[in-house]
Amino acid sequence: MDAMSGPYVIRGSVSLPEAELIWRFSRSSGPGGQHVNTSDSQVELRFDLAKTEALPEVWKARALERLASRLVGGVVSVRASEHRSQWRNRETAAVRLASLLAEATAPPPKPRRATKIPRGINERRLREKKARAQTKKGRSGRDW
């Protein structure tokens, strides 16, 4: 398998543009024996969120706002090093970036509509509270 299983869909028909992804490889820590000292299996995937044309403007603004703490100069980066093969780490990093962007570009949740607590429920709660207080009061042995 030398072809990557892209394109990585963010949501709907929008996917990560392969041309705008910046890959960097370095030596990964962890298991691997002698081979680990020579192979660059850790993957760092960078995506310039501020300059991309692949995302709709509304999504881009939303993502820039939500990922503000993770961005360095408008660039979001994801690192993967859990697998021993570079290829699997590449897959993991790309999927991670796609899901991060999907979450960041999601529309805001609908505001909660305030509803009144039914009177019966409130009265039952107060009755149960009084009953519990009586039970606890009965446990104290002051009247002995």
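## Surroundings of F25

Leaving aside neighbours within four places in sequence, F25 is in contact (heavy atoms within 4.5 Å) with D40, Q42, V43, Q86 and R90. F25 belongs to strand β3, residues 21-26; strands (E, at least two residues) and helices (H or I, at least four) are DSSP runs numbered from the N terminus. F25 and Q42 are 17 residues apart in sequence, yet their C-alpha atoms are 5.6 Å apart in space. F25 counts as partly exposed because its relative accessibility is 30%; buried means under 20% relative accessible area, exposed over 50%, and partly exposed in between (1.4 Å probe, protein chains only).

The model is predicted: local features need pLDDT of at least 70, side-chain atom pairs count only at pLDDT 80 or more, and totals for chains, interfaces and linings use all residues. Residues are numbered from 1 along each chain as its sequence is written, and side-chain values use heavy atoms, with hydrogens and water left out.

## A buried loop residue

T52 sits in the loop between β4 (42-48) and α1. With a relative accessible area of 0%, T52 is buried. Beyond its neighbours within four places in sequence, T52 has contacts with E20, F47 and K60.

## Salt bridges

A salt bridge is a side-chain nitrogen of Lys or Arg within 4 Å of a carboxyl oxygen of Asp or Glu. By this rule there are 8 salt bridges. One of them joins R24 and E44, at 3.2 Å from N to O. This pair links distant parts of the chain, with R24 in strand β3 and E44 in strand β4, 20 residues apart. R24 is partly exposed at 48%, whereas E44 is buried at 8%. R24 and E44 also belong to a network of salt bridges with R46 and R79.

R96 and E82 form another salt bridge, at 2.3 Å from N to O. Here R96 lies in helix α2 and E82 in the loop between β5 (75-80) and α2, 14 residues apart. R96 is partly exposed at 33%, and E82 is partly exposed at 48%.

## Two helices crossing

The axes of helix α1 (residues 57-66) and helix α2 (residues 86-105) come within 8 Å and cross at roughly 100°. Therefore α1 is roughly perpendicular to α2, a term for angles of 65 to 115 degrees. Axes are lines fitted to C-alpha atoms, for helices over the stretch in contact, and angles run from 0 to 180 degrees between N-to-C directions. W59, R62, A63 and R66 of α1 meet E103, A104 and T105 of α2.

Definitions and conventions: Angles under 35 degrees count as roughly parallel, over 145 as roughly antiparallel, 65 to 115 as roughly perpendicular and the rest as oblique.
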